[in-house]
Amino acid sequence: MSFAPADLMNYALMGAFAITALSQIMAVIRLWIGPSTADRILALDTMVINAIGLIVLLGIYQGTQIYFEATLIIAMLGFVSTIAYARFVLRGDIIE
Amino acid sequence: MSLFLIVALPFVGSLLPGLMNSAGRNACAGVTFMITLTALVGLLTNLPAVLAGEVVQTGVTWLPDLGLNVTLMLDGLGFFFACLILGIGLLIITYGRFYLSRKDNMGEFFTYLLLFQGAMVGIVLSDNILLLIVFWELTSLSSFLLIGYWKHLPEGRQGARMALTVTGMGGLALIGGALILGNIAGSYDLSVILQNREAIQASPMYLPALILILLGCFTKSAQFPFHFWLPHAMAAPTPVSAYLHSATMVKAGIFLMARLWPVLSGTPEWFVIVTTAGLITMVLGAVIALFKHDLKSLLAFSTVSHLGLITMLLGTGTAFGAMAAMFHILNHATFKAALFMSAGIIDHEAHTRDIRRLGGLRKLMPVTFVIATLAALSMAGIPFLNGFLSKEMMLEEAERTVLFSSPYLVPALATFGSLFSAAYCFRLIGHTFFGPVRDDYPATPHDPPVGMWGPPALLVVIVVAIGVAPFLAEPFIKTVTASVLGDAAEVPKNYFKIWHGFVPALFMSIIAVVGGLIVMAIYKPLQAAWDATPRPEAKTIFEAVIASAVALAKALTHPLHNGAFTRYAAIFAITVIAISYHAWTTGTVGAPTRAVQPAGVVEIAGWALLVTATLGMVVLHRHRLLSLILIGIVGLMVSVGFVVFSAPDLAMTQLTVEVVTIILLLLALNFLPNRTPVESPVLMRMRDAGIAIVGGLATFALAFHYMLRDTVAPSISEFHIANSYKGGGGTNMVNVILVDFRGFDTYGEIIVLGIAALLIFALTEALLNGPVRARLLNRLPDQPRAGDMHPMMMVVMTRVIMPLVMLVGFYIFLRGHNEPGGGFIAGLVVSIGFVMQYMASGFAWTSSRLRYPYHGVIGAGVLVAGLTGIGSWFFAKPFLTSDFTYVRIPPFNEFELATAALFDVGVFLAVVGAVMLSLESFSRLARRAHVEDPEHPMDINPSRDDAPKAEA
């Protein structure tokens, strides 16, 4: 069996899409069942990471770099909301 | 001096007293005096032209499509009134300097006074009737400020409100009348309107126009039945009463009647309405004045009465009547302003204005006594004082006037009014100055400094001068009368003289004076009878009317607007659905022109996540933190959706806004319970759910139909696509729209953003300075606190990432014009970089390292954006016209420089300032008393204990 490189690329891409989407759905399930708030916050954080993956994959799929700034921003700043949630749960006050 | 300058001087000058406030009271009053004096001198330079009968005109177009142009004219009438306003203004400023106490804010007072003065001068010099109305409303507003100047007095506030309500409603009627008048004449320029007497009086719209205009005039000049506001406006400081309520503002209505006299007068309608209203006002005011104990109240009703007299004279529609009216305006302004100032002196020195507590002041305040007595005798109509001359002319005119086909009605009522007028003047003199000296004055009365008695004394000199030598005023009054009459009538030939022979007017005058003395003699029983008579109280009626109007408005709006958001949302949704349904059933829907696109697995997964999160929201929305997490999913999926549908700008904005929103909400949640309680009954929730489902389905149907069809008209985005690079110099259309095509909108938006942030700051600041402060400071956490306040890992990480965030922000800002990005996103990115420091190292540590206050950053942003816009004026282009060019600085490649980028800097700064100010304000609320500010950015000091100390 032999693949053309483009085919391989396509299969890999499709596989990556499916896996990321699946992990996204699983994160939602975790978020749904909890049970603790920390689980839910971590689930949301996972979803943010997965979103980076999805957008990057989409960029590769469409062959454009225009979405990369969006992923850059998520990667750079997405953790801030996770920290904010965590601080809220732990200390109530997020700016002390 | 140019007329523009005369009108503009008081307005521009009104900035100065406020600025000079700290330079002392003399400087403050002095600068106000100089401004008024300059305007007066400027006015006087036009005197030769006016005396020669010319009309000085000047103007520029303002809104020509609406017929509203800044055109000014100066004729005899305008000159006369402008002279009164500025001349008496000078005296009032001098008087006010000494009247106001040290506790009063003099800068504020003179600022209001100059604003009022400018508005008044604007009225009398306007050629355009719409411009006149603009100034008219400005006098209402500035007089509101002046009447309510003593904000701590409830009477002052109530009086100001009443005056504003009455004159404001009159102003509204006047606008209607002026529009009709301008419509008939085909122009809003008075000089054109005044030429169209026949056309206007023949028009079927003449009567409505007349009634509306007279409503405006009568409310402003306190004519029956709108006279009641004037006495209540007497709660103002006396300089205001003397200026506004005797000499200037209340004459604005009369001025307008005189101004429009050539076109409106002479018809039976005019005659009946104006003469009757004037006559009733004159008699009613005089009778009430007699029984008032408060000096200023007495003078207020006497002003009402004299305004009625002038109105009646204008109403007769004869040239002689108009001339008598003009003469009486001059005389009344002189003696009444002098009397008000005298009343103010008495109030100032004796600490009471109640006539019953006064008496015998003749010996204690001889100067005031002479001034007040001469002015009051003039008002009573005693020969050799100017009041006598115009009153004689009034009686002469009354004697010839036949109202309701009775030749006796007007003369009898005029004599009756004059009788009471004489009586209250005698009472004013007798009960205040004569009689025994008392020993129970609230303060020891004595004559005031010359600054206070000088201005009224000067006026009394004029009173006597005109009274003795009426020929001095005659040419001037005749010039004024000529401009009132226009082409409608000839100026009467009568000479102003003291002795006319034994004419009926003389006998009427004698009856009035003698009758007045008799009334004084039997004053006590009269007062007892008056007190025993039940009378309607104007203030009670007014308040009842206002209360019922408010109740009606509430009954109408409350069912729709009760403050509950669910109700607004329900009403809004139902209305929109109903209208859309109507459009759907009555309109036509074209066939679909586009095919439904296939959905891939990823899209469906994203959609499913969005739906799940939304449904989760519905179920879990009472758990606040959980619903916030679910909102996070929605935001994330929407951002990814923007990417999928090729809108990277929106995705970036959405992502950053999401972070900031969550931080803001978490800050707020800290003060709120964890759960939302159930408040509404089950049925109501079922109803709301029904509305929500129908609304959602309707939105879906609309979106689905819309997306399957092309737009009916070519959409605006085609213009943007075609012109974004050509006209705006950028390939990123979204950014070019924001900073260029729609730059003005963006400018408005950043201002709104800044205002919102400042408002948040103001509200939290008010909380922190109020009684809530102690509760906030001593608040204990509702759950045990875990972990470190400022974990080391987070501090180090945020420090390291900070330059990176700044760099990305800078990069996104710069590339914004051509690639996704721009000032707005960059502002959000940079703000998040700052917020990280707050979260990691704490509020105290971060704010102590803050060099510029966020208010200033907002202001700088708005300013930069505004100046960029103004910059285009220097190239004779409209506001915010953008330009761009390409430059090449070796060794770089060619790059673009656009003014839009400068504008974007403004957007950037405003966004950073607004986001940071609101977050900072919220987090300030959370500061607690028992938590010490840490010395170090981290809870553990990572520097080694044996490290060399700084001072070693």
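Me: In which sense do strand β1 (residues 56-63) and strand β2 (residues 68-74) of chain B pair, and over how many bridges?

Reply: Two strands pair if DSSP finds at least two bridges between them, and helices (H or I, at least four residues) and strands (E, at least two) are DSSP runs numbered from the N terminus. Here β1(B) and β2(B) pair in the antiparallel sense over seven bridges. V56(B) stands opposite L74(B) in β2(B). The two strands form a hairpin with four residues between them, and G67(B) in the turn has a positive phi of about 75°. This is a predicted model: local features need pLDDT of at least 70, side-chain atom pairs count only at pLDDT 80 or more, and totals for chains, interfaces and linings use all residues. Residues are numbered from 1 along each chain as its sequence is written, while chains are lettered from A and ligands numbered from 1 in the order in which they are written.

Me: How many residues of chain A are in contact with chain B?

Reply: A contact means that the C-beta atoms of two residues, placed from the backbone, lie within 7 Å. By that rule, 40 residues of chain A touch 51 residues of chain B. On the chain A side, α1 (5-33), α2 (37-62) and α3 (68-91) each give two or more residues. The largest share, 16 residues, comes from α3(A).

Me: And which domains is chain B divided into?

Reply: Domain bounds come from an automatic or database domain assignment. Chain B has domain 1 (1-156 + 230-259), domain 2 (265-532) and domain 3 (732-778 + 789-940). The C-alpha centres of domains 1 and 2 of chain B are 24 Å apart.
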